[in-house]
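Work through the exercises below with the sequence and coordinates open. Try each task before reading its solution.

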Amino acid sequence: MEAAGANGQAKTEQNQRSVIPGPTNPMVSPLLSDLYQFTMAYAYWKAGKHNERAVFDLYFRKNPFGGEYTIFAGLEECIRLIANFKFTEEEIAFIRATLPKTCEDGFYDYLRRIDCSDVEVYSISEGSVVFPKVPLLRVEGPVAVVQLLETPFLNLINYASLVATNASRHRFVAGKSKLLLEFGLRRAQGPDGAIGASKYSYIGGFDATSNVEAGRLFGIPIRGTHSHAFVSSFMSHDEIMEKSLQNRDGSSTCEDFFSLVRTWLSKLKVMRSGIPNFCAVALALNDLGYKAVGIRLDSGDLAYLSCEARKFFCTIEKEFGVQDFGKTSITASNDLNEETLDALNKQGHEVDAFGIGTYLVTCYAQAALGCVFKLVEINNQPRIKLSEDISKVSIPCKKRCYRLYGKEGFPLVDIMTGENEPVPKVGERILCRHPFSESKRAYVVPQHVEELLKCFWPGNPDKKREELPPLKEIRNRCVQQLEQMRPDHMRRLNPTPYKVSVSARLYDFIHFLWLNEAPVGELQ
């Protein structure tokens with residue numbers, strides 16, 4: 001009976017792993033790690049500590065881009081990794097060749113056996129608005145295994161969260177009504193940077209991408225225009241071999257569409273530019289039942305040119321009675337970023353869609369988010385990292401995290417508590433304290449309480465876990481969460497910092513442990 005039960009459990013664990021596919025990028029493997037993770041794993045194993053139960057927090061210390069919020073992204077890829085975490089013989093052979101020859105064979109046998117079936121991951125939902133110090137992930141498990149997850153987890157979350165935040169900031173400046181197109185493939189840091197940028201820009205609020213492969217992988221809408229090379233490749237009208245065009249409804253065929261275009265062009269007595277040429281083609285297409293999509297402005301004074309183009313479209317609609325021609329879409333590109341979008345808003349413009357590339361996908365304004373992965377408990381014993389720099393002092397022990405909402409529906413504060421403390425209750429006053437500043441404290445009476453950390457990988461296959469949502473649902477969560485934020489937290493200039501706190505009991509424990517762990521100096 002015991003053997004059958006164990007076999008049944010093994011099958012259940014296997015089923016749990018098999019329903020989650022591997023990482024999108026095949027380079028994400030157990031070897032996507034820093035060398036010192038393997039040297040530490042060997043030291044843990046050699047000391048007999050490798051199976052000791054450890055708890056790590058993954059968090060960041062400061063919001064990016066001078067703002068006061070961050071969008072959390074990258075969770076799905078982390079779960080895909082641990083659901084399929086297993087060393088191949090080829091990978092073990094490489095580790096053996098890399099580590100000192102004095103490393104014992106038993107360590108490599110240990111690596112062959114390990115997976116993440118004894119690891120637990122509690123996480124904030126992907127697409128959420130998050131803040132410094134609050135754990136994005138809490139990872140529990142055998143210390144050697146969890147240590148091996150540190151580097152890939154940081155790699156998968158740092159850039160993802162940074163570019164999603166960057167995208168959300170562009171969306172905030174552009175406004176809800178504008179179409180945002182991610183055009184960064186050719187400027188991104190390699191294929192993986194480009195694919196990730198397309199995915200996480202979409203989460204952050206962009207509507208579509210030019211990246212066809214990202215569209216295939218993630219179901220993101222794909223959009224594009226054409227380059228100058230396409231236009232300039234035609235040297236004369238004689239190169240247009242096929243001059244006929246069937247009506248959209250198929251009822252008849254225009255035998256010389258080009259002549260129809262020239263007829264319309266002769267009616268447009270305007271300056272020489274690409275706009276009347278477009279309009280002539282658009283009007284000829286309209287005669288046959290088609291609707292031209294729009295134009296793209298890629299250089300010059302975008303505010304002025306968009307306004308002039310709009311006036312021209314509106315004049316044509318009025319003069320020739322072409323319904324909605326004045327609403328023809330205007331797309332702008334040319335190294336756009338947050339600042340240029342803001343400047344266009346202040347100048348006044350008629351742009352409907354923005355194609356944004358370099359500054360978005362490279363996160364030009366800030367190179368990295370700076371997530372860290374810190375040990376907060378081992379063998380049920382809380383651990384704290386001390387530093388002369390207060391921002392680098394960690395918050396010890398296994399914690400629960402809550403978001404407290406006020407009467408107007410806005411989040412007021414995120415609070416961390418010890419694992420066994422009572423859950424904050426609606427309508428009951430709770431003291432929220434700054435983790436390190438004694439004088440910063442406030443009572444809050446929450447009207448709604450949201451627990452932030454949910455189990456996305458339970459270790460135990462019989463334990464319920466959160467399902468990984470589809471990409472569009474993650475995007476919707478991001479949009480909804482941003483709409484819930486108080487406007488002063490969101491503004492570009494001097495935003496109000498969002499409050500992150502600890503409970504009174506956790507505050508006391510942090511400072512008790514701090515005093516116990518900090519060395520006492522001696523004056524002579």
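**Exercise 1: a helix pair**

Task: describe how helix 11 and helix 12 pack.

Solution. Start with the axes: those of helix 11 (residues 274-287) and helix 12 (residues 302-320) come within 11 Å and cross at roughly 35°. Axes are lines fitted to C-alpha atoms, for helices over the stretch in contact, with angles from 0 to 180 degrees between N-to-C directions. Helices (H or I, at least four residues) and strands (E, at least two) are DSSP runs numbered from the N terminus. Next, the hand: helix 11 passes helix 12 in a right-handed crossing, that is, the near helix is turned clockwise from the far one by less than a right angle. Then list the residues in contact (heavy atoms within 4.5 Å). I275, P276, F278, C279 and L283 in helix 11 meet A309, F312, F313 and I316 in helix 12. Finally, sort them: nine are nonpolar, none polar and none charged. Ala, Val, Leu, Ile, Met, Phe, Trp, Tyr, Cys and Pro count as nonpolar, Asp, Glu, Lys and Arg as charged, and the others, Gly among them, as polar.

The model is predicted: local features need pLDDT of at least 70, side-chain atom pairs count only at pLDDT 80 or more, and totals for chains, interfaces and linings use all residues. Residues are numbered from 1 along each chain as its sequence is written, and side-chain values use heavy atoms, with hydrogens and water left out.

**Exercise 2: N63**

Task: is N63 buried or exposed, and what does its side chain join?

Solution. Locate N63 in the loop between strand 1 (53-59) and strand 2 (70-71). N63 is buried, because its relative accessible area is 5%. Buried means under 20%, exposed over 50%, partly exposed in between (1.4 Å probe, protein chains only). The side chains of N63 and T70 are joined by a polar contact of 2.8 Å. Such a contact is a pair of N or O atoms within 3.5 Å; within protein, one must be able to donate a hydrogen and the other to accept it, and residues adjacent in sequence count only if both atoms are side-chain atoms.

**Exercise 3: the cores**

Task: which residues touch the most other members of the largest nonpolar core?

Solution. L136, L137 and F153 do, among 140 residues. A nonpolar core is a set of buried Ala, Val, Leu, Ile, Met, Phe, Trp, Tyr and Cys residues joined through side-chain atoms within 4.5 Å. Helix 6 (residues 143-174) gives the largest share, 17 residues. A second, separate core has eight residues, including Y402 and C432.
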